[in-house]
Amino acid sequence: NHFFVLWIFLPGACLISAMFSRTSRTRTIMEGDRVVLYEGYLHMKNIVVTSGATFCVRAKTYHHNDVIGLRFGAKLFPHCVVLRRQAAPCPSTSNTKEADWAGSHNDATNKDFVYLLQPCAELWSAVVRHRTQILYTPDIALVCLYLDLRPGAVMAEAGTGSGSASTAFAKSIAPFGHLFTFEFHKARADEAREEFAKNGLDKVVTVQHRDVCKSTLLPSSDSSAQSADGWGLPVRSLDAAFLDLPNPVSGLLNLIPALKPNSAVCCFSPCVEQVMRTCLALRQNNFTEVRTFEVLQRPHEVRDVEFSPLDAALPEAQGALSDDAAADSENEADADPEVPSPPKRRRVEPSSQPSKETRGGLSPPLSQPGQGGLNAEKPPKLRCARPIKEYKGHTGFLTFARLVAS
């Protein structure tokens, strides 16, 4: 039994890791590979490694030839730093190219670099060129969970768009499953088909230029299988479906013949009115477990902040407040009871009372290196979190349902 399980899942793991890169087994970057340049959380872009090409990041020039031969996850320094390191290689390492790079990576004074990351479905959502509005990782994760996507599933998607969700769906159902994605805009369909081929997904994804909202019965080459209206798929051939359409109700009605019993569907809608019409159509067409979710993403930045301890400032503040309270009581005794007093403003002044150390003419001890003192200890740090001001996301609703077995 154990050998059977390994035989089933290991090919799938190899194919999933081979997406986007032909050399993922060695994890060495070669010419023609797609690489994600990571500058920061909000600053990422992808390139296709081409010999002789260059690119600029923060007014620094990087050469594609310096990328070839590195491993995914390495740091890439500007070309001027590479030339300087190659002219004076690190004496403690060998003369190989990767060892010279290891010496340049230890340059703590140079802060201009980018990380070379291997693309995956999550990174592709952050660096894909937006041809349309896209779904991001939180929404895509919820869709994959409730559609029960797994290796071997056959899925249909209406509204390919930029291919962000399609890439994640293909990763979830590979290597034995297949994704049929439909786009009514021909230019977007052709561009998505080309991108899937470059990323190594053409064996898992089929892109078709088609309007699934039209009710047209197309002839099928297989006489034993009839085509579903608007989708051109065999009857009862889909395990799941995802619809991102301006009018999901018409596309959903044409999809029903192609769904298997107990299959799940998901409709993305940007407004509540569209959600209401979709839910009504689902309940009228033998769907159950109709649920709608709204995913709100709010990332936070965590950092350590220094603060002054309250115990040190509390005695001085209490003394100042007691002096203000005594002065207020004297003013209230002398004031006319019929005239309202103006609002009081309290000001905390430094205490003029000498401390115990200065009463005898002695000054407080200063902190010396290696010795204790009043200022010897560093102020404690408190770990705080605050929301990031700008982050990628959008407002939308995900409606899920399941077709009742008939």
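Over which residues does pLDDT stay under 50, and how many contacts beyond four places in sequence does the model have for them? The stretch is residues 21-25, with 13 such contacts. Here pLDDT is the predictor's confidence in each residue, from 0 to 100, and contact means heavy atoms within 4.5 Å. Where pLDDT is low, the predicted coordinates should not be read in detail. The protein averages a pLDDT of 77, and 66% of the residues score at least 70.

This is a predicted model, in which local features need pLDDT of at least 70, side-chain atom pairs count only at pLDDT 80 or more, and totals for chains, interfaces and linings use all residues. Residues are numbered from 1 along each chain as its sequence is written, and side-chain values use heavy atoms, leaving out hydrogens and water.

Now the sheet. Four strands form it, open, in the order β2-β1-β6-β5, with antiparallel pairing. Strands (E, at least two residues) and helices (H or I, at least four) are DSSP runs, numbered from the N terminus. Two strands pair if DSSP finds at least two bridges between them. The edges belong to β2 (43-48) and β5 (75-76). Each has a single partner strand, so one side of each lacks a neighbour in the sheet. Two bridges join β5 to β6 (residues 114-117). K75 stands opposite Y115 in β6.

Next, a loop residue. T160 lies between β7 (154-158) and α7 (164-173). Its relative accessibility is 5%, so T160 counts as buried (under 20% relative accessible area; exposed is over 50%, partly exposed in between; 1.4 Å probe, protein chains only). Not counting residues up to four places away in sequence, T160 touches S166, T181, F182, E183, A192 and F196.
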